[in-house]
Amino acid sequence: MDAHPRREYAVAVFVVHDGAVLLHYHRRLARWLPPGGHVDPDELPDAAAVRETREEVGVEVEVVDAVSGEYWDDARSQGMPTRLPSPMGIQLEDIPSRPGNPAHQHIDLVYVAKVVAGASTMPTDVEGGSAPRWCKPDQWATLGLTPEVVSWAEAAIRIVGRAQRPGVRPQL
């Protein structure tokens, strides 16, 4: 990898529903992964997470803010910066070269999401052959998930569980 490799922003989206995560089979990489992909020019990363999930598995989602309870986001007045939902993590990934695509790096923003209220939870094989499905933790070993994917999936389930139990606003 060059001293200054080309870098692209990408998202990975761990969608949680009823204690399961939504995964699909990525044929080119030959493994089970969450939906995700590149952030388009001028696109906000959380919007890319929603779009990529819809495009890859046909499920409408909303991003769950993964920020800890240490921060309370009061309503912001006109002219104040807009706070975007926090990913649960950011990682730098080396992408090997392929024909027509030189080696580069992805700055992966790893998001947590849940299905939009009232929307279908039934994934669609939009890409053909990706077999998207909801997978509970006891099924992960049979799919051969990498330790990295298991760790993110476990974290996403915990985050969604916390988000469903409203906390008490901290005293300022």
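**His 104**

I am working from a predicted model.

Is His 104 buried or exposed? I read a relative accessible area of 1%. Buried means under 20%, so I noted His 104 as buried.

Next I checked Pro 5. Along the sequence, 99 residues separate Pro 5 from His 104. In space, I get 5.6 Å between their C-alpha atoms.

Then I turned to the side chain. Which backbone oxygen lies 2.9 Å from a polar atom of the His 104 side chain? I found that the oxygen belongs to Pro 102.

**Ala 30**

I moved on to backbone angles. Most residues other than glycine have a negative phi. Ala 30 has a positive phi, near 55°. I placed Ala 30 in the loop that runs between β2 (20-26) and β3 (31-33).

How accessible is Ala 30? I noted 48% relative accessibility. The partly exposed class ends where exposed begins, at over 50%, so Ala 30 counts as partly exposed.

**Asp 42**

My last entry is on Asp 42. Where is Asp 42 found? I located Asp 42 in the loop between β4 (36-38) and α1 (45-57). Its phi is positive too, near 65°, and Asp 42 is not a glycine.

I then checked the surface value for Asp 42. The relative accessible area is 86%. Exposed means over 50%, so I wrote down Asp 42 as exposed.

Note on methods: Residues numbered from 1 in each chain as written. Predicted model: local features only at pLDDT ≥ 70, side-chain atom pairs only at ≥ 80, totals over all residues. Heavy atoms only, no water. Buried < 20%, exposed > 50% of the residue type's maximum accessible area, 1.4 Å probe, protein only. Polar contact = N/O pair within 3.5 Å; in protein donor to acceptor, adjacent residues only side chain to side chain. Helix = DSSP H or I, 4+ residues; strand = E, 2+ residues; numbered from the N terminus.
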